[in-house]
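Please look over the sequence and the structure below.

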Amino acid sequence: MQKPRIVIVGAGFAGFHAARRLVRMSRGHAEIVLVNPADYFLYLPLLPEVAAGILEPRRVTVSLPKTLPSVHLMLGEAEKIDPDGRSVLWRDVEGEQHEVGYDRLILTAGSVNKLLPIPGVAEHAHGFRGVPEALYLRDHLVRQVELAAAATDPQERAARLTFVVVGAGYTGTEVAAHGQLATRELLQHQPALAGEPARWLLLDTAPRVLPELSSRMSRTADRVLRERGVEVLMGCSVAEAMHDCVRLTDGQSIPTRTLVWCVGVRPDPLVDGMGLPTERGRLCVDEYLNVPGHPDMFAAGDAAAVPDLTRPGKLTPMTAQHAVRQGDLVARNVAATFGVGRRRRYKHHDLGFVVDLGGREAAANPLHVPLSGPVAKAVTRGYHLLQLPGNRTRVIADWALDAVQGHPAVELGLVRSPQVPLETVDA
């Protein structure tokens, strides 16, 4: 008898945890196929530390073949899903097109950069969604400091030492916090820049930093950033971006060579082509993560519009915390369709959040207990170690080395600007 085939599209937080749970539950009685453009699971929350030079990039990646040896990895990008034909059209990393059929489908395609129709942003800004962007930003920071040291024009020097981050959510706040400390250290290696400050700006149209988190965590992050000299501009964004300048909505013109776009994310465009009901670009599912009218199709994570049973009428936020738990549950509910266990509704209560602000600073509210400073830092790093599916010893080693030796001030030039463009389709 042929094994049923379960196809998982995407190996982000939801997809990875769904695959891992299915491997344990199926015990070899199902063929599990994972379609993903990379051969690793990326632990996104530690990416700012890669950009800052604290962690090596492989520390935040977990090998899929090593972690999920019984899963059939199809290295490529899903291009189209045919719900009626029960098949996935995908293109491998060398450009060849393939098709794979399924008995059950789990869509966990995740999200992409959210690009607003602002002149010049697509051409001159860079996002922060993966290892290439983090490596690019690290090299870019080193390069700008070194070019500033060689510049004879004071205006050019100031522009190269000015860094603009748009989006004061989770990612943007951490990028600005870690980036400011990283450039401060880089300046110490440049005698020609003695006394020259690096100027960091964090912009957002929201009324406060970390608008999606508690006001106490917001105040902690805002205080830490301002004490370090970061210019936090709320109610403000970019009106136009140019190669050497950014014009803000408040009328300011900021000479700079660096624009980091952390405005937010939107569901993967793959969802749009399925011809199924969506909400805010996310595929509609019920409380069991099942697509209505398609008992063989499930979805979880950022690509799924999961009803929030703790807040009637709302959707669960697009966070890693929800994606991890939805991934685990969707695997259980898929297994239930084959008579293994029983299906359950997705209902999750917020357990708190952590935000790493670099150095000895962080903001955290585990189980809604507000923390800041070194205690919050310890909780934050402990949480990440618990959630990281691998490389824990190497991460700890990098943290220890960074504490005693600092960051390596080297530009490797592995990723150039054209290799990390922003998404060119407007949100």
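His-368 counts as partly exposed, at 49% relative accessibility. Here buried means under 20% relative accessible area, exposed means over 50%, and partly exposed is in between, with a 1.4 Å probe and protein chains only. His-368 sits in the loop between S23 and S24. Its phi is near 70 degrees, a positive value in a residue other than glycine.

Arg-86 also has a positive phi, about 50 degrees, although it is not a glycine. Arg-86 lies in the loop between S5 and S6. Its relative accessible area is 33%, so Arg-86 is partly exposed.

## Basis of the model

This is a predicted model, in which local features need pLDDT of at least 70 and side-chain atom pairs count only at pLDDT 80 or more, while totals for chains, interfaces and linings use all residues. Residues are numbered from 1 along each chain as its sequence is written, and side-chain values use heavy atoms, with hydrogens and water left out.

Helices (H or I, at least four residues) and strands (E, at least two) are DSSP runs, numbered from the N terminus.

## The sheet S22-S23-S24

Three strands make an open sheet in the order S22-S23-S24, with antiparallel pairing. Strand S22 (354–356) and strand S24 (371–372) stand at the edges with a single partner strand each, so one side of each has no neighbour in the sheet. Two strands pair if DSSP finds at least two bridges between them. S22 and strand S23 (residues 362–364) pair over 3 bridges, in the antiparallel sense. Val-354 has Ala-364 in S23 as its bridge partner.

Helix H8 (residues 215–228) lies across S22, S23 and S24. H8 runs at about 175 degrees to S23. Axes are lines fitted to C-alpha atoms, for helices over the stretch in contact, and angles run from 0 to 180 degrees between N-to-C directions. Contact means heavy atoms within 4.5 Å.

Strand S5 (residues 72–82) and strand S6 (residues 87–92) pair in the antiparallel sense over 6 bridges. Lys-80 stands opposite Leu-89 in S6. The hairpin of S5 and S6 has 4 residues between the strands, and Arg-86 with its positive phi belongs to it.

S6 also pairs with strand S7 (residues 97–101), antiparallel over 5 bridges. Ser-87 stands opposite Gly-101 in S7. S6 and S7 form a hairpin with 4 residues between them. Gly-95 in that turn has a positive phi of about 95 degrees.

In a regular strand the side chains alternate between the two faces of the sheet.

## Aromatic pairs

How many aromatic pairs are there? The count comes to 4. Rings of Phe, Tyr and Trp (its six-membered ring) pair if their centres lie within 6.5 Å; planes under 30 degrees apart count as stacked, over 60 as edge-to-face and the rest as tilted.

Phe-13 and Tyr-43 form an edge-to-face pair, 5.7 Å centre to centre with 65 degrees between the planes. This pair links distant parts of the chain, 30 residues apart. Phe-13 is in helix H1 (residues 13–26), and Tyr-43 is in the loop between strand S3 (40–42) and helix H2 (47–51). Phe-13 is buried at 12% relative accessible area, and Tyr-43 is buried at 2%. The rings of Phe-163 and Trp-200 have centres 4.8 Å apart and planes at 20 degrees, so this pair is stacked. It too links distant parts of the chain: Phe-163 in strand S10 (residues 162–166) and Trp-200 in strand S11 (residues 199–204), 37 residues apart. Both Phe-163 and Trp-200 are buried. Phe-13, Phe-16, Phe-41 and Tyr-43 form one aromatic cluster.

## Charges over rings

A charge sits over a ring if NZ of Lys or CZ of Arg is within 6 Å of the ring centre and within 35 degrees of the ring normal. Arg-104 lies over the face of Phe-338, 4.3 Å from the ring centre. Arg-343 lies over the face of Tyr-288, 3.7 Å from the ring centre.

Helix H7 (residues 170–187) has 18 residues and reaches 26 Å from its first C-alpha to its last, close to the 26 Å expected. The expected span is 1.5 Å times one less than the number of residues. In H7, 15 of the 18 residues are buried, so H7 is largely enclosed by the rest of the structure.

Helix H9 (residues 320–336) has 17 residues and reaches 24 Å between its first and last C-alpha, close to the 24 Å expected. H9 is mostly covered, with 13 of its 17 residues buried.
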